[in-house]
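We will go from stop to stop, with something to pick and something to look for at each one.

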Amino acid sequence: MAALSTAPAGAPAEVPPVPPGAAARRRRLVPYWLLLPGILWLLVFFAAPMVYQASTSVQTGSLETGYQVTWHFATYWDAFREYDVFYLRSLIYAGIATVLCLAIGYPLAYTIAFKAGRWRNVLLVMVIAPFFTSFLIRTLAWKTILADDGYVVTVLDKLHILNVTASLGITADDRVLATPLAVVCGLTYNFLPFMILPLYSSLERIDPRLHEAAGDLYARPFTTFRKVTFPISLPGVVAGTLLTFIPASGDYINAELLGSPSEQMIGNVIQSKFLTVLDYPTAAALSFMLMAAILVIVSVYIRKAGTEELV
Amino acid sequence: MTQQTAPLADEPAGARNPASAGGAVTLTGLGKEYGDFTAVHPLDLTIPEGSFFALLGASGCGKTTTLRMIAGLEDPSGGTVRIGDQDVTGLPPYKRPVNTVFQNYALFPHLDIYENVAFGLRRRGVKSVKGQVEEMLELVELGHLARRKPHQLSGGQQQRVAVARALINHPKVLLLDEPLGALDLKLRRQMQLELKRIQTEVGITFVHVTHDQEEAMTMADTIAVMNAGRIEQLGAPTDLYENPRTTFVANFLGQSNLIEAQVAGTSGDDLLLSVGDGRLAMPTARCVPSVRAGDKLLAGVRPEKISIVHADDAAEVPEGRNKITGRIVDASFIGVSTQYVVNSPWCPELAVFAQNVERDGRLVPGAEVVLHWSPAHTFGLDAAQDIEAGEVNA
Ligand SMILES: Nc1ncnc2c1ncn2[C@@H]1O[C@H](COP(=O)(O)OP(=O)(O)OP(=O)(O)O)[C@@H](O)[C@H]1O
Ligand SMILES: [Mg+2]
């Protein structure tokens, strides 16, 4: 697919013997030298695997007979038809988690940026604190929190909230674990800091005098938020939603640990194709299609957010 | 300084309209404390409608705080703010009929110039803003830049947008917090005239905060001089300049020579003073404290009121002038005038500004000179003050 075109033509690492008096030329080359480590990194860890996977995705064969590049594009179509539900589910879960992250993260970032006073740094550390434990352990902890006989479930049950969520189809059988609710909660929890930090940094930069100016010009506090604060923080919103949505849609840990087979996301399928079933071509094709889907969604989103009439 | 009388002669609008009319600002006991630091001591002040009022003072004296209390951006620790007939003390900013031009403009970076200017109208639900916005942009001569973002404008242009954005709402009072502070001298002069023109055109009460005494004098018809959270003196620019009542005002507004003297007696309407072994006279009416013979006094005279002659020509000085002899320690040629610093045994560093009409070649540093001025140009201040208060180290 489109990704194939990223195959690079070997880096033009042209290092000419410097003729005397060519200091100016050497200076012009400095930026390229500075870029070199980054470019090498990308070549080794991004471009090369991409090419490799791209070729894998059009191979046929089996583990025993070995795989051959046969330009068998039908793998893409077959894989898509078989797993389209998983794509849809991934995008929906990631979308909901992103919206939840925004809903939880924006007020939090706003408070830290404008209202926290001397608690600001403490709160920021608390936002980042979960990173001190591994992703896996944090997700496992949620398994305990949402356990069937745990406090959360008991309380939710007593309050009849589980009946409500069950009728919405996001929980079942008086349990939270192994339901869509648990997976989305896990995703939201795990990616929340990626939403809060860019939001905070874009809010924190806003000159408080702009709020005063808006108030002075007859805007009530909420109007000030709608017409001044929020539009100015939009770059943070865009960055935060991307940093949340993109990894969340490819995630498989949350669905694996907190969900049941019927909450599996596309990441789970790819993971099992690669590591359990060892069907490399299908796994590679699925990966490329996920990447393409995300690219399309993100570029439409950025285009829209960028040109949106804000007044 | 002569043209400053003009705005006075042409009636401050407040004289026509009683203070109760729309745009008068009345502060009663208005004060602000931060913890145990008093930023603004309780002050009483009436700003007549339609006047161009300047709040002048050194950095940190509480000008911005006062302005912010009028705008509703700061809660006063005590006292009330009235605008026209309305007590607005408890009202949030968006309910007050005031608009502010902020110290550094605070233009909305995400909106273009047109939308910045239209902001206030839109918030008040005005349907068709186009005509008004265009008219306002014409007034500040920015019509052609309507679709630019604030960061694409020069400092002076941004400043005009800030004025337009506030003025378009036809506030009863426009508050300006050092709006010209960031501009270079030339642009500053230009904008001063422009603001003055706009104010005359729209007739709104302007309260202008500045620490530039020249700016206050060229623009305002009333100046309040603030010092350390208090208003030291309030009046027309000429009045403040000619009749300062404190050493702070005498030194801060223009430059003054303050001479430590002792009251020797009276002669008719004049007070006789002794300075060392010399004698000075001044009108009793121009003496701020009431004094008796033997009391100490600060005799003040503005540098441009003093004439300077070489000691050899001392005989030419007419009778009845205040005279002091001394030696020139510094002379700087400014163009229109020459500024001399003269040391006399009784009063060091007297400043003298002499017009360059016929320059006397003998007046160079080291020359012995006689300084003389009319007793009527002398004012008297309470000696129990810091003689250097408000001095600007130029
Ligand atoms: N939030 C605050 N907390 C404590 N002190 C404050 C606060 N805001 C202002 N002050 C103090 O109040 C005094 C007056 O401040 P203000 O901003 O009114 O000065 P200003 O006259 O406008 O000075 P400038 O010409 O520098 O703008 C200053 O000494 C300042 O340090
Ligand atoms: Mg200030």
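Begin in chain A of this predicted model by selecting helix α8 (residues 208-216) and helix α9 (residues 221-250), which pack at an angle of about 155° with their axes 10 Å apart. An angle over 145° counts as roughly antiparallel, so α8(A) is roughly antiparallel to α9(A). The crossing of these two helices, α8(A) and α9(A), is right-handed.

Now show the side chains where they touch. From α8(A), pick L210(A), H211(A), A214(A) and G215(A); across from them in α9(A) you will find T224(A), V228(A), T229(A) and I232(A). Colour this contact of α8(A) with α9(A) by class and you get 4 nonpolar, 4 polar and no charged residues.

The axes of α7(A) and α9(A) come within 8 Å and cross at roughly 150°, which makes α7(A) roughly antiparallel to α9(A). Here too the crossing is described as right-handed.

Which residues of α7(A) make the contact with α9(A)? Select L187(A), F191(A), F194(A), M195(A), P198(A), L199(A), S202(A) and L203(A). On the α9(A) side the partners include T229(A), S233(A), G236(A), V237(A), L243(A) and P247(A). By class, the contact of α7(A) with α9(A) holds 12 nonpolar, 7 polar and no charged residues.

Is D157(A) buried, partly exposed or exposed? D157(A) has a relative accessible area of 32%, so it is partly exposed. Leaving out residues up to four places away in sequence, D157(A) touches L162(A) and D174(A). For a distance check, draw a line between the C-alpha atoms of D157(A) and T241(A): they are separated by 32 Å, with the two residues 84 apart along the chain.

Next, switch to chain B and display its sheet. This is an open sheet of 6 strands in the order β6-β7-β8-β3-β9-β10, with mixed pairing. At the edges stand β6 and β10 (230-235) of chain B; each has a single partner strand, so one side of each is left without a neighbour in the sheet. Ignoring direction, neighbouring strands of this sheet are turned by 20° against each other on average.

Zoom in on strand β7 (residues 173-177) of chain B. With 5 of its 5 residues buried, β7(B) is largely enclosed by the rest of the structure. V173(B), L175(B) and D177(B) point one way from this strand, and L174(B) and L176(B) point the other.

Then walk across the strands:

- Strand β6 (residues 98-101) of chain B pairs with β7(B) in the parallel sense over 4 bridges; look for V101(B), whose bridge partner in β7(B) is L176(B).
- β7(B) pairs with strand β8 (residues 205-210) of chain B, again in the parallel sense, over 5 bridges; here D177(B) has V209(B) as its bridge partner.
- Strand β3 (residues 52-57) of chain B runs parallel to β8(B), joined by 5 bridges; find L56(B), which stands opposite T210(B) in β8(B).

Technical notes:
Residues are numbered from 1 along each chain as its sequence is written. Chains are lettered from A and ligands numbered from 1 in the order in which they are written. This is a predicted model: local features need pLDDT of at least 70, side-chain atom pairs count only at pLDDT 80 or more; totals for chains, interfaces and linings use all residues. Side-chain values use heavy atoms; hydrogens and water are left out. Axes are lines fitted to C-alpha atoms, for helices over the stretch in contact, and angles run from 0 to 180 degrees between N-to-C directions. Angles under 35 degrees count as roughly parallel, over 145 as roughly antiparallel, 65 to 115 as roughly perpendicular and the rest as oblique. A crossing is left-handed if the near helix is turned anticlockwise from the far one by less than a right angle, and right-handed if clockwise. Contact means heavy atoms within 4.5 Å. Ala, Val, Leu, Ile, Met, Phe, Trp, Tyr, Cys and Pro count as nonpolar, Asp, Glu, Lys and Arg as charged, and the others, Gly among them, as polar. Buried means under 20% relative accessible area, exposed over 50%, partly exposed in between (1.4 Å probe, protein chains only). Two strands pair if DSSP finds at least two bridges between them.
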